[in-house]
Amino acid sequence: MENRKIGFIGVGNMANAIIGGILKSGVPAEQLGLYDLLPEKCQSLGEKGMTVYPSAAQLARSSTIIFLTVKPQNFEEVLEEIRPEASFDKIYVSIAAGVSTGYIKRQLGGEYIVFRAMPNTPLLIGKGATALYCPANASKEAFSMVKSFFESCGIVRQVNEEAINAITSISGSSPAYLYLVGKAMMDYAQKEGIDPQTAKALICQTMIGSAGMMIESEKTPDELIRMVSSPGGTTLEAMKVLYDHDMEGILQSAMQACTKRAGELEK
Ligand SMILES: NC(=O)c1ccc[n+]([C@@H]2O[C@H](COP(=O)([O-])OP(=O)(O)OC[C@H]3O[C@@H](n4cnc5c(N)ncnc54)[C@H](OP(=O)(O)O)[C@@H]3O)[C@@H](O)[C@H]2O)c1
């Protein structure tokens with residue numbers, strides 16, 4: 001990876017998270033380049049030694065790895081701008097929801113190497129979950145390098161591109177469902193007169209601990225539920241209400257709607 005220039009087009013939330021991880025993993029700031037429509041967005045990173053380019057085309061000319069980190073609706077203009085700089089020696093990495101690698105290659109005008117990733121916002125704190133599609137024309141070295149960028153801010157799992165829309169509902173958008181669970185629990189705690197900071201700490205640690213149990217124990221979610229549910233006890237009363245309202249069905253309908261929307265947006 002030495003001397004490879006890594007460029008980011010669009011320096012928003014996700015780009016900042018990935019850049020933070022890459023820097024922490026020991027890649028020198030001088031190896032990174034940035035371009036955003038608003039130069040202010042690049043200012044503080046530029047002060048750390050990253051090159052700030054005046055256009056997407058100039059960034060694309062000087063970079064061998066190009067992260068496409070703009071919103072899906074800005075892809076058309078960005079790809080048009082960097083098309084003259086397209087090269088088979090470069091690696092493109094898109095993180096946009098609903099933008100296929102086929103579309104990117106068509107807009108760039110050739111069978112270029114295009115990775116597609118579906119990260120999530122916990123990348124911002126180094127605890128992201130990224131699903132990564134590796135194209136058939138990428139070398140093993142290219143795959144491990146791109147994977148390592150995302151691993152610098154969380155876990156990575158390799159997936160087929162066809163799975164990305166469903167994965168958007170599993171890990172891309174799903175932090176929102178979990179925040180809603182957290183919010184509902186905090187609102188309830190407040191109604192019961194519990195100090196909000198205390199409630200937040202207890203609820204969040206419970207979410208972290210429960211996720212840890214799902215990962216570390218050999219038990220299925222149903223077995224873990226049984227572990228908390230003593231006969232005639234409190235948890236069973238709560239679970240009865242959740243089952244009566246078909247909480248599982250509601251969540252799955254939400255995920256289905258998410259996947260469907262990702263498919264509708266697909267370019
Ligand atoms: N946020 C998530 O949970 C999440 C999860 C998975 C994947 N993603 C994907 O990640 C991508 C980035 O999301 P984000 O939340 O980081 O968005 P963001 O914060 O809006 O960042 C995008 C940046 O690109 C800039 N931009 C727009 N048009 C541009 C152009 N033509 N050239 C250069 N820069 C341009 C935007 O400027 P303006 O603000 O001025 O438009 C903004 O600074 C999206 O494609 C999204 O689908 C996001």
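This is a predicted model: local features need pLDDT of at least 70, side-chain atom pairs count only at pLDDT 80 or more; totals for chains, interfaces and linings use all residues.

Visitor: What makes Glu237 and Lys240 a salt bridge?

Guide: The closest N and O atoms of Glu237 and Lys240 are 3.1 Å apart, and since a salt bridge requires a side-chain nitrogen of Lys or Arg within 4 Å of a carboxyl oxygen of Asp or Glu, the pair qualifies as a salt bridge. Lys240, with a relative accessible area of 45%, is likewise partly exposed.

Visitor: How do you know that Glu237 and Lys240 are separated by about one helical turn?

Guide: Both belong to helix α11, which covers residues 234-244, and because they stand three residues apart in that helix, the separation comes to about one helical turn.

Visitor: Which class does Lys105 fall into, buried or exposed, and which class does Glu111 fall into?

Guide: Lys105 has a relative accessibility of 18% and therefore counts as buried, the limit for that class being under 20%. Glu111, by contrast, has a relative accessible area of 54% and is exposed, the limit there being over 50%. These two residues form a salt bridge, with 3.1 Å between their closest N and O atoms.

Visitor: Why is the pair of Arg116 and Glu266 said to link distant parts of the chain?

Guide: Arg116 forms a salt bridge with Glu266, the closest N and O atoms being 3.1 Å apart. Arg116 lies in strand β6 (residues 113-118), whereas Glu266 lies in the segment after α12 (247-265), and 150 residues separate the two. Arg116, at a relative accessible area of 1%, is buried, while Glu266, at 30% relative accessibility, counts as partly exposed.

Visitor: Which residues are linked with Arg116 in a network of salt bridges, and how many salt bridges are counted by this rule?

Guide: Arg116, Glu161 and Glu266 are linked in such a network, and the count comes to ten salt bridges.

Visitor: What makes the crossing of α4 and α5 oblique?

Guide: The axes of helix α4 (residues 75-82) and helix α5 (residues 101-108) come within 8 Å and cross at roughly 40°. That makes α4 oblique to α5, because the angle falls neither under 35 degrees, as roughly parallel would require, nor in the range 65 to 115 for roughly perpendicular, nor over 145 for roughly antiparallel. The crossing in which α4 passes α5 is right-handed.

Visitor: At what angle do α8 and α9 pack, and which residues of the two helices meet?

Guide: Helix α8 (residues 175-191) and helix α9 (residues 196-216) pack at an angle of about 145°, with axes 10 Å apart, and their crossing is right-handed. In α8, Leu178, Gly182, Met185, Met186 and Ala189 meet Ala199, Lys200, Ile203 and Met207 of α9; the residues of the contact divide into seven nonpolar, one polar and one charged.

Visitor: What makes Met186 partly exposed, and which residues is Met186 in contact with, leaving aside its neighbours within four places in sequence?

Guide: Met186, in helix α8, has a relative accessible area of 28% and is therefore partly exposed, that class running between 20% and 50%. With those neighbours left aside, Met186 is in contact with Lys200 and Ile203. Met186 and Ile203 lie 17 residues apart in sequence and 7.6 Å apart in space, C-alpha to C-alpha.

Visitor: What sets the phi of Asp246 apart?

Guide: Most residues other than glycine have a negative phi. Asp246 is not a glycine, yet has a positive phi of about 50°. Asp246 sits in the loop between α11 and α12 and, with a relative accessible area of 43%, is partly exposed.

Methods:
Residues are numbered from 1 along each chain as its sequence is written. Side-chain values use heavy atoms; hydrogens and water are left out. Axes are lines fitted to C-alpha atoms, for helices over the stretch in contact, and angles run from 0 to 180 degrees between N-to-C directions. Helices (H or I, at least four residues) and strands (E, at least two) are DSSP runs, numbered from the N terminus. A crossing is left-handed if the near helix is turned anticlockwise from the far one by less than a right angle, and right-handed if clockwise. Buried means under 20% relative accessible area, exposed over 50%, partly exposed in between (1.4 Å probe, protein chains only). Contact means heavy atoms within 4.5 Å. Ala, Val, Leu, Ile, Met, Phe, Trp, Tyr, Cys and Pro count as nonpolar, Asp, Glu, Lys and Arg as charged, and the others, Gly among them, as polar.
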